[in-house]
Each structure stands twice: as C-alpha cells, then as structure tokens.
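Subject: Structure handover

Hello,

The structure we talked about is below, with its sequence. My notes on what was found in it follow.

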Amino acid sequence: MKTKLKYFFIHLFIIMAVIITTYPLLRIFSVSIRPGDRIISTDLALIPAGATFISYIKLFKETFFIKWIFNSLLITFATSFIGVTLASTAAYAFSRYNFTGKKWGLSALLLTQMIPAGMLILPLYLMIMKLNLINTYLGMVIAYSVSSLPFSIWILKGYYDTIPKSLEEAAMVDGANEITAFYKVILPLSTPALSIAFLFNFTMAWNEYLVARVVLYHPQNYTWTLGLFELQGQFITQWGMFAAGSILITIPVLLIFLYSSKWLISGLTLGSVKG
Amino acid sequence: MAEVKFINVTKSYGENVILKNINLEIKDGEFAVIVGPSGCGKTTLLRMLAGLEEITGGEIYINSTKVNDLPPSKREIAMVFQDYALYPHMTVKENMSFALKLKKLDKNEIEKRVTEAANILQLNHLLNRMPKQLSGGQRQRVAIGRAIVRHPKVFLFDEPLSNLDAKLREEMRIELLKLYQKLSTTMIYVTHDQIEAMTLASKIIIMNKGVIQQIGTPIEVYSKPQNIFVASFIGTPTMNFIRGKIVSEGEKIYLEFEKNKFFIPAFSFTDYQKYIDKEVIIGIRPDDIILDESKMDKENANKAKVDVVELLGARENIYLKISETKNICATTNSLKIPPQTEIKFSFNYLNLHIFDPETEKRIN
C-alpha cells in the first residue's frame, strides 16, 4: 500500500512536470495553426476551429526562413566542430601535462565564464571588424567558438582526469606514440564528454542572439534568431508566422538531442579499468 | 630473448631521491622478481625500463642497446599493468590485436597470434566480449594475452595479481609459472608480496628505500639474508630477532639477554672471539625453533611460557614468552599445547642468523 502511494505521488509529480514543460509549446503550436483572423483569441482549444498551415507556408514563401535556418545550421555546426576539436586537445594538455602557467590558465578560463555576455559585445565587435569579418559566417563562427571554448575545456578536462593514465601508457608500450594513444584510446573513451561539449556548443550557438545582432546586418545572412525578430514590426507583429517559426526551429535541436542521447547513456555504463 | 642491465641508475624528483645507484643484471630467460615494501621504488624501476618514466642518471640496456632515450614503443617490451589497463571500448580480440595492428602486421598473422595466445590462456570463448563483461581473473588473462601476442623481448609485470582475491591469485601464480616455462622469455615482475616472489622467481631482487638490499635465488635470500631488512621481509611468520650480548663461560658461548642466556654454538660465527662482550642481533626463523623434546639439544634447552596459539590447520604458530618483554614465534605441527603452559625450546643452530646491530648486516 505504501509503495502504491509512493508511486502515485511520483507519477503525479512527473505528469505535472510534463504538463508544465509542454503546455507553452502546445500553445505556440496552437497559435501557429490558427487562421489569420483568429490569431489573437482567448480560445484554449489545442486545434483551433479552421486550423490551417497557412502561417507555415507564408513563412517559407514570404521570408528568407530557409536561408536563416541554413545560416544557423552552418554556423552552429561549424562552431560546435571547431569548439570541440580545439577543446579536446587543449583539455588533454591541461589534464595530462605539467607546464608553467597550467593552474593560472585554468583559472583564467574559468574567469572568462564569469563575465556577462553583454560586456563582451563591444570588444568582440571591434575585433571582428578589425579582422574584416563583419557580416560573414566566419566572423560568427570565430566569435561563438572562442566564447564557448573555456566551458568545453573544463568539461573535457574533468572527464580526461577520470581516465586512468595507465591506458595511454599501455597504448604506448603497445607501440603507439602520444598522438596515436590520444586518438585511438582517449578520444573514443571520451564520447560522453565530447557529446556534452558538442551539445553545449550547439545549443549556445543555435540560440544566440546578441552577437548575431551586431555582427550580421544583411537579412540574407541572418540566423533564425534575428530572422524571427524581423517578423516583429513596429506596428504589427505576425504572430502566426512567428509561432510557426518557433516550432520549426526546435526540430534540429530535438533531433540532435535524440541522436546524441545514445552516446550520453553509453558513457554512463562505461566500466573502469579494474574489477 | 634478451638481457637487461641497469648501470648506476638513479631517479630523483627534485631533491627527493627515489632510486640510488641501481646496478642490476638480468640474464636472458630469467624470471626476476623485484620485491619490497610500498614506496621502495620497485615500480619506478620497472617503469623506467618500460620507458614510462625518465631516468635521472645512469644507463639501461636491453641486450646491447642503450634504451635511455628510446620511447616505450621502440623498446620491444610488453607490460602487464596493475589495473590491467584494458581498452574498455575494444573487445578482447581488439585489445589483443591492438599492438599488432599498430605494427601493421598482416591480417592472417594477427589472427594466428591472437588465436595462439587465446589457446594458451583459454580465452577463445571470450574473444568477442568487452572488458567490462569479464571477471577479474579473465581480465588479467587478457592483459597477459595482450603482452604475449607481441612476442616481446622482455615481459614486465607490475603487481599483476594484487587486485585478485587470494584463491584466484594462487591460481594465476601457477598459470604464470606455466607460461614462463612455455615461453622461457626474460620476465621482470614487481610485487610487494614475498610469497609471490619466492614462488615465481628464479632471481629475487629485494629493495628498500630506493636501494637494492640483496640479489639472489629464492633459497639464497631465505637462508642467507644479507641484512636485517631482508631477513625480516622474506618468510612468514617473520623471523624472530633477539638482541643481546655475547658472553663466554668456560668453553661455551652464550647470548645474554635480559637475565636469560641462550646457548650459541661457536660454529655459528666465522670468528666468535671478535664478538665476545659485544652486542649482536640473533635472527631465528619460527621454523627453526625446536619444541619437540625428542629432537632437542636438551643440555642447552631454554624455558618459555606459551602465550598465544594460532591454529592454521595442520600447523600452528606458537608465540612463546621468553622474557618479561620478549615474545618469539615458533611454527610446529599441531601440538595442541594450551596457552600458559611452560615448555622447553631450543634453536636449530645450523640456521642461526647473526647481525651486527649497528650496520644491520649479516656477520656469519
């Protein structure tokens, strides 16, 4: 009886949590399929009367939405790959080697995480301008990669620290040099941490608005965050298209999370070296 | 097939000297066991030979090649680690063929060697398993298999059995001996367990505080320990030590110790005259204390009180109170003597070990 009651409360809690997280999403979905004359209505029905995909069609036809998504995906993937690649080797050095300034370097990386993003807008803008990369993908990728690098390095360093050094030593005795030992033994073992770093980079770059606002000025080059904002006019905001866009942009992130979850779980079950 | 030589090898971290002037020669085909308490530098010595640790001074040779600056991969050695260090993301087969793939060996050759090693170690049915699906003993065998497939010149073992339970350890010890007899390659084995050292080694190297204390066959280090450290480290239960003064009474000499006198035959010393009225430490192994009166030198027997008896099955450890403050341990076949009994004992004089209390070195 006691356990039944316990399970009842656990289920109740989970159901509440699911409702709280999905309700706003469902409301946005409901707004996105409302016909144009009923956008601002107090109707609570999930599928409104006269539901239509017109907002979606308009979004594709009347705006650069596909281009925005493409820009976002390009910048996001480039940022994530560059960020994870650089972080994986930098973190390895921090984890395995002793060098002057190691402690200082790690603290400095942590310090950068304490500076609010807004404060960095101006210096970032100035640097990207000096590099002549304003309104380019490369400028965005550089700005994003550097700002997420410290976090990725910390995550990966923490993970490498848990991998016993004897694995690399065994590889080296087996005939590998340090680089081969890293690529063949340490990297494959670090997939869980690499996935977390990748996801972090991905969501950060995918949702970023402030830096994009100052670096990109041509609507064709916008990322979706700027693009959606474009739909908000001074006198009228196209809520239908706004909602449709909002729903669509969750799809890539959702797919990435679903795909990478298998790596995250496999990481949790990875055994240690000795029994 | 290889000889290993350490010439004046030193290792220090800053001012902290870990190994001092190590000179050691391990001949081709020898099973050398380096044994010592933790922190004595034995693992460091092995890691220096493997190339995983830099050498501060001296030279290391494998055959005639000086290996001081060679990376581990070029030394043609194989090492079995204490924690096995199996690659967790590879199957047993992949673990075993990793080194051969790096060497870019022919596929058929890799297959042949892996099967060969798997046959020796009875791993055939486990080849497609992941390390986490194996038991401790199986993992250990895979780690050894990974070393065998490479056909190395020297095998290095770094406390390979220390993570196994007692029974498995015994089994693996026998497996290792069989393996050694089959491969007859040079093997260097590090352990802190003196039983492992005694049972496996053809040559024992005993280390303490970064210095080699004695090198010899197991029986040599057991029967003629060169100093008190070796004497106390090798053998269970530990050797008994009695510190006292040598005195002569008429023709006989005795060890005078807290109002007690123990007869010591003159032949125990090379030159007993030198030690009259001087302090020495007498070492006697528990096995060399005679409690059976029929086998005893009755004339010179001593009295003691049984303090504690530890029954080990067929044998027992008897702790004898020989003075107010001193207990010694004797091992006998089960005599079932109750505690607090007064009994007689004598020493097996042929196996007395006499040490200088200052230098702690053997003097007989």
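Chain B overall

In chain B, residues 24 or more positions apart account for 65% of the contacts with a separation of 6 or more. Please keep in mind that this is a predicted model. Chain B holds eight helices and 20 strands. Its C-alpha trace spans about 80 × 45 × 35 Å along the principal axes. Of the 364 residues in chain B, 40% are buried.

Domains of chain B

Four residues from domain 1 of chain B and five residues from domain 2 of chain B make up the contact between them. On the domain 1 side, three of these residues are nonpolar, one is polar and none is charged.

Two helices in chain B

Helix H2 (residues 92-102) and helix H3 (residues 107-121) of chain B have axes that come within 10 Å and cross at roughly 135 degrees. Because of that angle, H2(B) is oblique to H3(B). The crossing of H2(B) past H3(B) is right-handed. Which residues of H2(B) and H3(B) meet? From H2(B) there are Lys93(B), Met96(B), Ser97(B), Leu100(B) and Lys101(B), and from H3(B) there are Ile110(B), Arg113(B), Val114(B) and Ala117(B). Sorted by class, this contact of H2(B) with H3(B) has five nonpolar, one polar and three charged residues.

One loop residue in chain B

Thr341(B) sits in the loop between strand S18 (327-333) and strand S19 (342-347) of chain B. Is Thr341(B) buried or exposed? Thr341(B) counts as exposed, because it has 12 C-beta neighbours inside 10 Å, and the cut-off for exposed is 12 or fewer. Thr341(B) and Ile290(B) are 51 residues apart along the chain, and their C-alpha atoms are separated by 16 Å.

Where the chains touch

The contact between the chains takes 26 residues from chain B and 20 residues from chain A. On the chain B side, strand S6 (77-80), H2 and helix H4 (136-148) each supply at least two residues. The residues on this side of chain B divide into 17 nonpolar, five polar and four charged.

Chain A

Chain A is divided into domain 1 (1-52) and domain 2 (65-268). The C-alpha centres of these two domains of chain A lie 32 Å apart. Their contact takes seven residues from domain 1 of chain A and six residues from domain 2 of chain A. The domain 1 side of that contact has four nonpolar residues, two polar and one charged.

Chain A also has a helix pair to look at. The axes of helix H3 (residues 65-96) and helix H6 (residues 137-162) of chain A come within 6 Å and cross at roughly 40 degrees. H3(A) passes H6(A) in a crossing that is right-handed. By class, the residues in the contact of H3(A) with H6(A) are 19 nonpolar, seven polar and three charged.

Regards

Conventions
Residues numbered from 1 in each chain as written. Chains lettered and ligands numbered in written order. Predicted model: local features only at pLDDT ≥ 70, side-chain atom pairs only at ≥ 80, totals over all residues. Axes fitted to C-alpha atoms, helices over the stretch in contact; angles between N-to-C directions. Helix = DSSP H or I, 4+ residues; strand = E, 2+ residues; numbered from the N terminus. Parallel < 35°, antiparallel > 145°, perpendicular 65-115°, else oblique. Left-handed = near helix turned anticlockwise from the far one by under 90°. Contact = placed C-beta atoms within 7 Å. Nonpolar A, V, L, I, M, F, W, Y, C, P; charged D, E, K, R; others polar. Buried ≥ 20, exposed ≤ 12 C-beta atoms within 10 Å, placed from the backbone. Domains from an automatic or database assignment.
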